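Hi there,

Here is the structure I promised to pass on to you. Please have a look through it, and then read on for my notes.

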Amino acid sequence: MMTPIANLLLRSNRGKTPFEVDEEMQFHIDMLERKYSQQGMSIADAKAAALRRFGNLEVVKKQCVDISRRNSLLRRVLKTASVVIALSGLLIRILSSDLNIAHIGDTLIMIAVSGRLLLYVRGLNPWTFLPATRQTSLSVVANTPDDAART
Amino acid sequence: MANERTDLMQGTLELLILNTLARESMHGYGIVQRIHEAAEDLLKVEDGSLYPALYRMEERGLIKSEWGLSENNRRAKFYKLTRTGKRKLESERANWNRIAKAVTRILQAT
């Protein structure tokens, strides 16, 4: 069950991702069509061959949109959380006269700044630390050398 | 054409993508073409299956993408290796060579 905040963050990114995924896939299919047309196929045959070669377009699109949204949502949540933690730390620091409580404010600010820095460093994506249990949908057709020579 | 469909080991497509992007940034179509050319059609990656793999690799910080112009002046998304991706390529390449050597030895011994 998604929280209202997560839902709101997800919705703010909803328009862009499917459009970009669609544009990327369409580019690939158009390039395949172009290649088949140059090989002498009719436009209709080239289009059909391109779609066949690409595989299940709708499934691929959906998978890519889901992965993009998941990634984008997590980063947005982490960024928002770091801002909230930093502001809380700052408020505690300003309002507290007790030295021990002021230290808690310092710690919160440090946690927020470190988290934000980690997000900015390329390659230190939070998903990197998760075990890679997801199977890549690798599908390969291995021809024998004789088949390859014939084609 | 008599094709024998084979599922390769998990991570093979990822290794092929990392290796293809080691030289230059490329769009998805270019990556598939390069893999087919390099494998001289002995291996065929289903074009569509490339994209979820690319998106997962970007999610894990192995590659990054940016929109640019293709060779025919169309907007296309180009992928390139990150530093993490380069390190991963080195380790996966070494791993692959170790496995290939071990399997070859076992096959020759029997």
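How many helices and strands does chain B have? Chain B has 4 helices and 5 strands. Please keep in mind that this is a predicted model. Read from the N terminus, the order of elements in chain B is β-α-β-α-β-α-β-β-α. Of its 110 residues, 35% are buried. As for contacts in chain B between residues at least 6 apart in sequence, 45% of them join residues at least 24 apart.

Let me begin with the sheet in chain B. It is an open sheet of 3 strands in the order β2-β5-β4, and the pairing is antiparallel. The edges are taken by β2 (26–27) and β4 (63–69) of chain B; each has a single partner strand, so one side of each is left without a neighbour in the sheet.

Is N73(B) buried or exposed? N73(B) has 7 C-beta neighbours inside 10 Å, so it counts as exposed.

Now to the helices of chain B. Helix α3 of chain B, residues 47–59, lies across β4 and β5 of chain B and runs at about 120° to β4(B). Helix α3(B) also packs against helix α1 (residues 12–21) of chain B, at an angle of about 75° and with the axes 10 Å apart. The two helices, α1(B) and α3(B), are therefore roughly perpendicular to each other. In this contact, L13(B), E14(B) and I17(B) of α1(B) meet A53(B), L54(B) and M57(B) of α3(B). Sorted by class, the contact of α1(B) with α3(B) has 5 nonpolar residues, no polar ones and 1 charged.

Helix α1(B) has a further packing partner in α2 of chain B, residues 28–38: the axes of these helices come within 10 Å and cross at roughly 100°. That makes α1(B) roughly perpendicular to α2(B). The residues making this contact are L16(B), I17(B) and T20(B) from α1(B), with I31(B), R34(B) and I35(B) from α2(B). By class, the contact of α1(B) with α2(B) comes to 4 nonpolar, 1 polar and 1 charged residues. You will see I17(B) named in the contact with α3(B) and again in the contact with α2(B).

Helix α4 of chain B spans residues 83–109. With 27 residues, α4(B) reaches 39 Å from its first C-alpha to its last, close to the 39 Å expected at 1.5 Å a residue. Which residues of α4(B) are buried? They are T84(B), G85(B) and K88(B). What covers these buried residues of α4(B) includes α1, β4 and β5 of chain B.

Turning to chain A, its secondary structure comes to 6 helices and 1 strand. From the N terminus on, the elements of chain A run α-α-α-α-α-β-α. Buried residues account for 13% of the 151 residues in chain A. Among contacts in chain A between residues at least 6 apart in sequence, 51% join residues at least 24 apart.

Helix α3 of chain A, residues 43–54, has 12 residues and reaches 16 Å from first C-alpha to last, close to the 16 Å expected at 1.5 Å a residue. Just after α3(A) comes G55(A), with a positive phi of about 100°.

Last, a residue of chain A that touches chain B. I67(A) is found in helix α4 (residues 57–95) of chain A. Because I67(A) has 23 C-beta neighbours inside 10 Å, it counts as buried. Which residues does I67(A) touch, not counting those up to four places away in sequence? I67(A) touches P52(B), Y55(B), R56(B) and E59(B).

Best wishes

Technical notes:
Residues are numbered from 1 along each chain as its sequence is written. Chains are lettered from A and ligands numbered from 1 in the order in which they are written. This is a predicted model: local features need pLDDT of at least 70, side-chain atom pairs count only at pLDDT 80 or more; totals for chains, interfaces and linings use all residues. Two strands pair if DSSP finds at least two bridges between them. Two residues are in contact if their C-beta atoms, placed from the backbone, lie within 7 Å. Axes are lines fitted to C-alpha atoms, for helices over the stretch in contact, and angles run from 0 to 180 degrees between N-to-C directions. The expected span of a helix is 1.5 Å times one less than its number of residues. Angles under 35 degrees count as roughly parallel, over 145 as roughly antiparallel, 65 to 115 as roughly perpendicular and the rest as oblique. Ala, Val, Leu, Ile, Met, Phe, Trp, Tyr, Cys and Pro count as nonpolar, Asp, Glu, Lys and Arg as charged, and the others, Gly among them, as polar. A residue is buried if 20 or more other C-beta atoms lie within 10 Å of its own, exposed if 12 or fewer, and partly exposed in between; C-beta atoms are placed from the backbone.
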